[in-house]
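Here is a short briefing on one protein chain. Look over the sequence and the fold first, then read the points below.

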Amino acid sequence: MVLKEADSTNNYLKELLSNTKPVADGTVIMAESQYAGRGQQQNKWHSAPGMNLTFSLLLRPSFLPLGQQFYLTQAVSIGVVSALRQATSENVQVKWPNDIYFGDKKLGGILIENIVQGSNIKHSIVGIGLNVNQTDFPPEVPNPTSVKQILHSDHDLHQLLSQICAHIEAWYLKLKAGKWDEIRQAYLNNLYWLNQEREFSSDGVDFTGTITGITEHGFLVVRTESEEKEFNLKQIQFLNK
Ligand code: BTN
């Protein structure tokens with residue numbers, strides 16, 4: 001379904017789910033314009049009307065135990081990255097946990113909101129925002145880039161949307177089939193800064209470290225001179241020096 005305008009496609013899908021009519025697995029809601037787009041960690045998601053992809057996809061990974069939900073993050077991230085690699089022929093990567101990066105710039109982001117029942121995920125609302133044809137961004141948007149800035153040409157939004165959905169579906173089916181190692185490996189193969197000595201900050205202290213992997217539950221593993229430590233999203237910042 002394509003909406004001219006929504007506050008946030010994630011909110012729209014959530015409201016649809018709270019109505020009595022059932023909503024089919026795989027439903028995609030795209031908005032040409034979002035006036036209250038939400039990002040991770042209570043951030044806003046900025047997107048110029050009509051220029052980019054802002055959409056949400058409904059999945060029902062009821063087969064996935066709550067503790068393994070990071071596998072869904074990985075499958076969706078890899079789906080988006082592989083579609084964009086195909087569309088741009090460029091080295092698009094995933095910055096842990098689920099930012100879409102090209103070089104040192106952010107091409108898009110993913111906001112997954114789970115509705116939990118017992119110890120399983122009843123619904124996952126997978127919200128994806130991708131900068132496609134926008135080239136001017138407000139100064140408050142941190143280090144953005146877009147498909148147009150990579151390819152120097154406009155891209156058809158609907159065509160890109162269907163390519164991305166096809167790639168996400170392929171990776172989601174692998175998840176359903178229990179191919180967890182393949183998902184984990186693909187995520188690592190496309191991970192920004194993997195095995196590179198870089199600068200990070202944690203609790204206000206800068207340090208040098210190397211990302212060596214991701215734990216089963218989605219923590220980032222960073223090796224420093226003295227130790228190997230696991231971080232959650234709030235505990236570590238990447239420093240681009
Ligand atoms: C992030 O990187 O902070 C995640 C951004 C997610 C943005 C998308 S746009 C479609 C969907 N609706 C929202 O309000 N947010 C997500």
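Helices (H or I, at least four residues) and strands (E, at least two) are DSSP runs, numbered from the N terminus. The model is predicted: local features need pLDDT of at least 70, side-chain atom pairs count only at pLDDT 80 or more, and totals for chains, interfaces and linings use all residues. Residues are numbered from 1 along each chain as its sequence is written, and side-chain values use heavy atoms, with hydrogens and water left out.

**Overall build**

- The protein chain has five helices and twelve strands.
- Its radius of gyration is 18 Å, close to the 18 Å that the globule rule gives for 241 residues, so the protein chain is as compact as a globular protein of that length. The radius is taken over C-alpha atoms, and the rule is 2.2 Å times the number of residues to the power 0.38.
- Along the principal axes, the C-alpha atoms fill a box of roughly 55 × 45 × 30 Å.
- Of the 241 residues, 50% count as buried. Buried means under 20% relative accessible area, exposed over 50%, and partly exposed in between (1.4 Å probe, protein chains only).
- The protein chain exposes about 11800 Å², and carbon and sulfur atoms supply 48% of that area. Accessible areas come from the Shrake-Rupley method with a 1.4 Å probe; for residues, only the protein chains shown count as cover.
- Take the contacts between residues at least 6 apart in sequence: 62% join residues at least 24 apart. Contact means heavy atoms within 4.5 Å.

**Helices α4 and α5**

- Two packed helices are described by the angle between their axes and the distance between the axes.
- Helix α4 (residues 157-176) packs with helix α5 (residues 180-189) at an angle of about 135°, and their axes are 8 Å apart. Axes are lines fitted to C-alpha atoms, for helices over the stretch in contact, and angles run from 0 to 180 degrees between N-to-C directions.
- The pair is therefore oblique. Angles under 35 degrees count as roughly parallel, over 145 as roughly antiparallel, 65 to 115 as roughly perpendicular and the rest as oblique.
- W171, K174 and L175 of α4 meet W180, E182, I183 and A186 of α5.
- These contact residues divide into five nonpolar, no polar and two charged. Ala, Val, Leu, Ile, Met, Phe, Trp, Tyr, Cys and Pro count as nonpolar, Asp, Glu, Lys and Arg as charged, and the others, Gly among them, as polar.
- In α5, the buried residues are I183, A186, Y187 and L188. Their cover includes α2 (70-88), β4 (92-95), α4 and β9 (205-214).
- H167 is also in α4. It counts as buried, at 18% relative accessibility. Beyond its neighbours within four places in sequence, H167 contacts G79, S82, A83 and Q86.

**Backbone exceptions**

- Most residues other than glycine have a negative phi, and most peptide bonds are trans.
- S89 is not a glycine, yet has a positive phi of about 55°. It sits in the loop between α2 and β4 and is exposed, at 67% relative accessibility.
- W193 also is not a glycine and has a positive phi, of about 70°. It lies in the loop between α5 and β8 (197-202) and is buried, at 2% relative accessible area.
- The W96 to P97 peptide bond is cis, with omega near 0°. P97 is in the loop between β4 and β5 (99-102).

**The loop with K44**

- K44 lies between β2 (28-34) and β3 (53-59), in a loop. It counts as exposed, at 77% relative accessibility.
- Leaving aside its neighbours within four places in sequence, K44 is in contact with G37 and G39.
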